[in-house]
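Please view the sequence and the model together while reading.

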Amino acid sequence: MATAASKNIIEIRNLHKYFGDVQALRGVNLNVERGKVVVIVGPSGSGKSTLLRCINHLEVETEGEVWVDGKRLSEKNKDINSIRAEIGMVFQLFNLFPHLSVLDNIVLAQRVVRGRKKDEAVQIAHEQLKRVGISEKADNFPGQLSGGQQQRVAIARALAMNPKIMLFDEPTSALDPEMIKEVLDVMLALAKDGMTMVCVTHEMGFARAAADEVIFMDHGLIVEKGSPDAVFNHPQEERTKLFLSQILSH
Amino acid sequence: MTHSTGIDPNLPQVQASAKPRPKTLQERIDEFPWWVGGIFVIAIGAFYLVTTQTSFGEALNFIRIGIGITITTTLYAYSIALVIGLVAGLGRISRNVVVRNLSTLYVELVRGIPILVLIFYIALVAVPDSLGVFKTLGAWLTSNGLGFIGQPLAAINNDSISLNVRAIIALSVTYGAFLAEIFRAGIQSIGKGQMEAARSLGMSYGQAMRYVILPQAIRNVLPALGNDFVAMVKDSSLVSVLAVRDITQVARLYAGRTFRFREAYTILAILYLGMTLILSLVVRVLERRLHGNSRK
């Protein structure tokens, strides 16, 4: 059983997820240790995003257990909001709040969820904006920013809650090529700071540089896992080899 | 007819594309808002009638007494309808089966009955019947030693709720259903990523609605809300069937008393037209300002 003191901050056991008749996850087991960076790769439809979204209960498991920081997520769990506050999430399409300024995007949840005073929340927001390198955009609205800038604001918004875990759901897939690096740089710095991260991404360069563990998923199952070197350079499974040859061949 | 777009080597191309082509006379005639001219003619005609013909002047003097009632009835009813509409609109998309079905039932019932019939029914059947329920409840509470709540409840009788109030209740219940559909559509127009982002930050469903979804949804549906406000100004004329002294009722009284039907109903039509045109203009200006401020 996971406890708050155990070294695993995320424990997933025998996770199954159905969307109607479609089985997205078919028995996933995964442990993530505190401070580790896990990168999930795999073809589309393999269940990577579903797995990630189960970790903060945006998707409710059909069967199995998800434990985060010693607490089990479940439909009946009234604490789901306080558990989610400890888990930052960054989405493929940023999902910034378009009616609020960049600053207010970052301040809102701090005040509403964390109950911080306005001054404190604003100060933290400025610190996080500085951390992701766009202090000068605090008063702009999301629609006035480039995709890369928006994604960095989204990361700052999540970080301002002081999460214990950060989840990244294909954070660079919707970006123009020249903006991918600015987002990856922020993620690399975050990894270096010791943040626990679970990232679904196709950025192999990031995975090699930052990941403690790479997980290859296919058809709702974890096919192979190991260090970046092991999975990328010496894959054991045929499906992993095929996938890597497809994405590395161009 | 068609302008060649710069194949002619003699034409300086940059200049040709930078300067807009002057409009032809035919286009100007086609695009001119002639209907505004028609409105002007009506306004001038009305002014002429009222100032030169004593009968029209008298009709206006008499009928304008009802303007206050028309405006206050509309304002009260619309404000209440906004609250009912928001609650029912949220109910329509609730995950709670009971709440969702009750809200849908309300909307479908109201939309399936003519407004005039609803006004009669609510004012003359639903309100008296619920007063009967209050009376029974009050008597029961009093007999159980809760007289401080029970006695005032039992004391409400049929006369203590005026027809003006009943008219407002009827209009708000009716328009609440229309506005519920507008709010529902507005909320559903916001991508689900917004709710997910808010929830992933730890906000409850209610907090996400209040701080993230509704501000965007309401901004999207403001034009529709404005249109329904204008529509309600017109539909408020229906409360005249309850003998509420709005401009329609006063005009009917005037016509019945003097047999000056032409004067009474001309003035009445022009008063409504004036109110709705001014309101439409306000709505249009608000809409444009909102559009100017909109951020992607």
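Which residue in E4(A) is the bridge partner of Ile12(A)?

## The open sheet

In this predicted model, Val66(A) is the residue of E4(A) that forms the bridge with Ile12(A). Strand E1 (residues 8-19) and strand E4 (residues 63-68) of chain A run antiparallel and are joined by five bridges.

These two strands belong to an open sheet of four strands in chain A, with the order E2-E1-E4-E5 and antiparallel pairing. Strands E2 (22-33) and E5 (71-72) of chain A each have a single partner strand and stand at the edges, so one side of each lacks a neighbour in the sheet. Helix H1 (residues 48-55) of chain A packs on this sheet and touches E1, E2 and E4 of chain A. The direction of H1 makes about 125° with that of E1(A).

## Strand E8 and its partners

Strand E8 (residues 196-200) of chain A pairs in the parallel sense with two strands described here. With strand E3 (residues 37-41) of chain A, the pairing extends over four bridges, and Val39(A) has Cys199(A) as its bridge partner in E8(A). With strand E7 (residues 165-169) of chain A, there are five bridges; here Asp169(A) is partnered by Val200(A) of E8(A).

E7(A) and E8(A) also form a right-handed β-α-β unit together with helix H6 (residues 177-192) of chain A.

## Burial of strand E8

Strand E8 of chain A is mostly covered, with five of its five residues buried. Thr196(A), Val198(A) and Val200(A) are buried on one side, while Met197(A) and Cys199(A) are buried on the other.

Note on methods:
Residues are numbered from 1 along each chain as its sequence is written. Chains are lettered from A and ligands numbered from 1 in the order in which they are written. This is a predicted model: local features need pLDDT of at least 70, side-chain atom pairs count only at pLDDT 80 or more; totals for chains, interfaces and linings use all residues. Side-chain values use heavy atoms; hydrogens and water are left out. Two strands pair if DSSP finds at least two bridges between them. Contact means heavy atoms within 4.5 Å. Axes are lines fitted to C-alpha atoms, for helices over the stretch in contact, and angles run from 0 to 180 degrees between N-to-C directions. Buried means under 20% relative accessible area, exposed over 50%, partly exposed in between (1.4 Å probe, protein chains only). A crossover is right-handed if, with the strands pointing away from the viewer, the path from the first strand over the helix to the second runs clockwise.
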